[in-house]
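Subject: Structure handover

Hello,

Here is the structure I promised to pass on. Please open it alongside this note. My findings follow below.

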Amino acid sequence: QVQVVESGGGLVQPGGSLRLSCAASGSIFSRSHMGWYRQAPGKQRELVASTGVIGTPYYAEFVRGRFTISRDNPKNTGYLQMDRLNPEDTAVYYCNIQMGANNYWGQGTQVTVSS
């Protein structure tokens, strides 16, 4: 199965930026649909952004214009560039790789936005 590892989270002040990485093993990445999700304490996991092999990326309304999803297929790595962060963005961020009926998840990376 595919191994997925997120990194790049940390503590940042409001208005700051972070760049999350999603490293996936195997050749499945280049043929997969990739999504970034987040889950705050006491809340459900929610979709932040997603992209397929071809097509226009999807962004949740609450991050549109601030976050950018991208992928580097030769490196089997996806990214989530997060700009103008606010405290409401505080959550554990997860990378999801979808291939057919299979979904692969990483362990998540903590993003904390606080002054």
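Is Tyr94 buried or exposed, and why? The model is predicted, so please read everything here with that in mind. Tyr94 has a relative accessible area of 14%. The cut-off for buried is under 20%. Tyr94 therefore counts as buried.

Its surroundings are worth a look. Tyr94 is found in strand β9, which covers residues 91-99. Set aside the neighbours within four places in sequence. Tyr94 and Gly16 are 78 residues apart in sequence. In space, the C-alpha to C-alpha separation of Tyr94 and Gly16 is 20 Å.

Strands β1 and β3 run antiparallel and are joined by 4 bridges. Strand β3 spans residues 18-24.

These two strands belong to an open sheet of 4 strands. The order is β1-β3-β8-β7, and the pairing is antiparallel. The edge strands are β1 (4-7) and β7 (67-72), and each pairs on one side only. Neighbouring strands of this sheet are turned by 15 degrees against each other on average, direction ignored.

Now the chain as a whole. The protein chain has 11 strands and 0 helices. From the N terminus on, its elements read β-β-β-β-β-β-β-β-β-β-β. The radius of gyration of the protein chain is 13 Å, close to the 13 Å that the globule rule gives for 115 residues, so the chain is as compact as a globular protein of that length. Its C-alpha atoms fill a box of roughly 40 × 25 × 25 Å, taken along the principal axes.

Of the 115 residues of the protein chain, 43% count as buried. Take the contacts in the protein chain with a separation of 6 or more: residues 24 or more positions apart account for 54% of them. The accessible surface of the protein chain comes to about 6,100 Å². Carbon and sulfur atoms hold 48% of that surface.

Over to you.

Best wishes

Definitions and conventions:
Residues are numbered from 1 along each chain as its sequence is written. This is a predicted model: local features need pLDDT of at least 70, side-chain atom pairs count only at pLDDT 80 or more; totals for chains, interfaces and linings use all residues. Side-chain values use heavy atoms; hydrogens and water are left out. Two strands pair if DSSP finds at least two bridges between them. Axes are lines fitted to C-alpha atoms, for helices over the stretch in contact, and angles run from 0 to 180 degrees between N-to-C directions. Buried means under 20% relative accessible area, exposed over 50%, partly exposed in between (1.4 Å probe, protein chains only). The radius of gyration is taken over C-alpha atoms; the globule rule is 2.2 Å times the number of residues to the power 0.38. Contact means heavy atoms within 4.5 Å. Accessible areas come from the Shrake-Rupley method with a 1.4 Å probe; for residues, only the protein chains shown count as cover.
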